[in-house]
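Please consult the sequence and the structure shown below while reading.

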Amino acid sequence: MKAEDLNTGEKSTWCPGCTDFGILTSVKQAITNLVNDEKVKRENIVGVSGVGCFDKIYDYLNINFFHTLHGRSLPTMFGIKLGNPELKIIGFGGDGSTYAEGMAHVVHSCRYNEDTTFLVFDNQMFSLTTGQATPVSEKGLVTPSTPLGVHEKPVNPLALTMTCGASFISRGFALDIPNLTKLIEAAVMHKGFSFVEILQPCISYHNTTQFIREHIYKLENHNTGNYEDAMKKALEWDYCQNENSKIPTGIFYETNKPIYEDQWPHMKKWHTVKRNPDFRKILSEFKK
Amino acid sequence: MEKHILIGGEAGKGIAKTTLLISEVFTNAGYYVFNYREYQSLIKGGFNFNVLKISDNPVYSHDNSYDVIFALNQDLIDRHENDLKEGGFILGDKNLKGKNLIGIDVQAHLEKLGASAKLGNDILIGALAKIIGLPVEPVVKVVKGAFKKKIDLLEESIIEGYNCVEKKMELDNPDGKPKYFITGNEAISMGAITSGIDMYVAYPITPATPVLHELASKQVEHDFIVVQPENEIAVACSALGASYAGANTMIGTSGAGFALMTEALSLQGMSEVPLVVYLSQRTGPASGVPTYNSQGDLKFAVNVGHGEFVRVVVAPGDAKECFYRTIEAFHLASKYRVLVMILGDKHVGESNYSFDDFEEPKIKPSRYITEPCEDYKSYLITENGVSPRSVPGQGAVVRATSYEHNEYGYTTEKADEVIKMNDKRLKKLDDLKEEIMDLVPVYLHGQGKKLIVGWGSTKGAIVDALKDLPDFRFLQVSYISPFPAEEVKREIENSDEVILIENNATGLLGDIIAEQTGKIINKKVLKYDGRPFTSEEIVERVNKVVK
Ligand SMILES: Cc1ncc(C[n+]2csc(CCOP(=O)(O)OP(=O)(O)O)c2C)c(N)n1
Ligand code: SF4
Ligand SMILES: [Mg+2]
């Protein structure tokens, strides 16, 4: 299979030059590699996206796909996984929808550690609604809804997911396609909840391309099994644009933890279970 | 013959358990029993009670006057002494005060046997059996059978209680055939299992919680899963995810949780992923009176979610209907890929009803999943609007979406496609309406020329009241959406007088009838104090309204 096989023929509506194209390329390549290496069956892959600019990836990937509501990718992914644990779920979210509307789900998906992969397109901006601040926008940012400048400090999604118990935590860059591709493949293969933050400058409303290129670096000689080291790295960048900012990318933390769907001794692939409920027997159980 | 028993006291004192044991003795002997439960939103202390109506004829409701008050504290007597019937008795500890009190020195009897204080209720159960005219053996059998391990001196305590009082009443002999004794919530759980449920998702909330507990306790044996996620938004979204993946899925909640689910219920409308919702109403608005009853969410359910799409709402009137309506809900949801809501409430969900038997359901469970075909279109436009359902993993690319879309599921904003897809989704109504006609959407009880119209849990009290309202017949509306307009209109037109009875403050079914049939019902009997109607109350208030 070739990456082009994943094209749908739908016309793109992203701004020309949007960095989301870089993520799309990486996702297609990662899926192609995983399928060609027989690590994943193509028919078992399910994409899930919410609502924001990023969500349009739904129309550009020829795989099973559930396009859910704004901020609800995570619970939808969780349900699909429980509905059929053999499926490989790759979910997509934006920073606004994920950390504002859907924040509760972030905390709990990390905690559940169901075997799914979640990619957040982090442009530090509500872009599709024409550029308002999100919970990860830098302090002081002026937008039409925050003319006085953002008052709070941004949340740090990596530190947050570390604290909440995610078992795979990583950061990539939309314009570093080869490394992002590898990161996505590793995330999909990890057993448990895999969190991938993707720095994705919005060229129309929050163009940090230059800043990120100047401050980004790849984690090397980093022990991904050490929680304290990972936390230190997660906290290294505070999502504001400082002269001396250092932005690490790569896998921060990876560990083996029990996954949510393994708690049921009888967990099956539901739609293949041929049920023939015995009404008389069921009735007798309820009889007082 | 009818006997009415009030059993109550502080929460946490075994009132529910005592009630169930007494009921079981009667239903085993072949009596029909109805049990109404009233409790406060607290765990220990406070005040709660159960009301039993026992008869050798079918009964579906309780009354507010009692032959026996089984009192576990003084509070119960102070509140309900005046509800004692002529010739009735209060049974309780000798330290209590009240008229016609049969006071038992529970402490002395326990000491005599060397039994622990826990067996105090069993002494009183023994005494109740004697007073009301039951033999002691079946009581011993039922109470002993309720505990997994042997409890020392249990039998002796019951017999001690039995022997320390005199028989005061006579019971007619029933048919001897044991009855099913079941709550609406148990029947809904049973219906879900009979429908081949794969996954139940819920966040705890009274009065829907018993379904969560019931199904959770049965999940391993029946090979399905029960999941309690972080909130009702996650409940509804994950349920749609699971259903998209092929699982037969149901969610359950009450008003406050239902409010949080609404965005996802609208997503059901667009994505056409099958979903069954159990909505058990309680007294609102907001947190309201959370452990009490109401029929206040009818229009909320019928109109839930933004946008225009097909919503099916079915309202069972008793526990037996809860069972069959749940099976219908699963069937319709999968077959038409629609949202189906089972609209119950605290009264039908938590009251115990008794029945001779349950007939084998006619509907056989199916997920309506088709074999994958070439060039599969998730939203294929078909004659009846229903696109063949496929699930991921079978080979076809399966799409579900919250955006308007073309047949493949790709996003569209084109005017003609928007129209086509709206038409396709709404087209499903035609076949749905026809199928619902076979599912008894309305039912007429009685023969009178005058008409009572109602829905849901008021059925029991209205049906029990009909014997004292010979001029009336009762039109029970069970399918509220799609609405059986012709049937309802015809009955209204063929009646000398029409009265609407609802357990809410404004008469919500009346509004729907007006909208759907143009008929306005001006005479209303409404009750909105958090308590269900009794049949006595219905007789009195209907007579007042027609006078
Ligand atoms: C419940 C709800 N609230 C608000 C919106 C409007 N809305 C659509 S996209 C969007 C912003 C998305 O931001 P983000 O998730 O960061 O994605 P981006 O557009 O930046 O890719 C908002 C607020 C919506 N669709 N649904
Ligand atoms: S607004 Fe920003 S994120 Fe959205 S498509 Fe344009 S460049 Fe991309
Ligand atoms: Mg964004």
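## Interface and ligand sites

Between them, chain B and chain A bury about 5100 Å², 59% of it on carbon and sulfur atoms; buried area is the accessible area (1.4 Å probe) that two parts lose on being put together, summed over both. In chain B, the residues that lose the most area to chain A are B:Asp223, B:Glu230 and B:Tyr410, together 12% of what that side buries. This is a predicted model, in which local features need pLDDT of at least 70 and side-chain atom pairs count only at pLDDT 80 or more, whereas totals for chains, interfaces and linings use all residues. Residues are numbered from 1 along each chain as its sequence is written, chains are lettered from A and ligands numbered from 1 in the order in which they are written, and side-chain values use heavy atoms, with hydrogens and water left out.

In terms of contact (heavy atoms within 4.5 Å), 70 residues of chain B touch 52 residues of chain A. The two chains share four salt bridges, each a side-chain nitrogen of Lys or Arg within 4 Å of a carboxyl oxygen of Asp or Glu. One salt bridge joins A:Arg280 to B:Asp357, with the closest N and O atoms 3.3 Å apart.

Strand β2 (residues 64–67) of chain A runs parallel to β15(B), joined by three bridges. Helices (H or I, at least four residues) and strands (E, at least two) are DSSP runs, numbered from the N terminus, and two strands pair if DSSP finds at least two bridges between them. Within this pairing, A:Phe66 stands opposite B:Ala400.

Turning to the ligands, 16 residues lie around ligand 1, and A:Cys53, A:Gly96, A:Ser97, A:Met125 and A:Leu128 come nearest; a residue is near if one of its heavy atoms lies within 4 Å.

| Residue and atom | Atom of ligand 1 | Distance |
|---|---|---|
| A:Asp95, polar side-chain atom | oxygen | 3.1 Å |
| A:Glu101, side-chain N or O atom | nitrogen | 3.5 Å |
| A:Ser127, backbone N or O atom | oxygen | 3.1 Å |

The residues surrounding ligand 2 include A:Cys15, A:Cys18, A:Cys53 and A:Cys202.

Definitions and conventions: A polar contact is a pair of N or O atoms within 3.5 Å; within protein, one must be able to donate a hydrogen and the other to accept it, and residues adjacent in sequence count only if both atoms are side-chain atoms.
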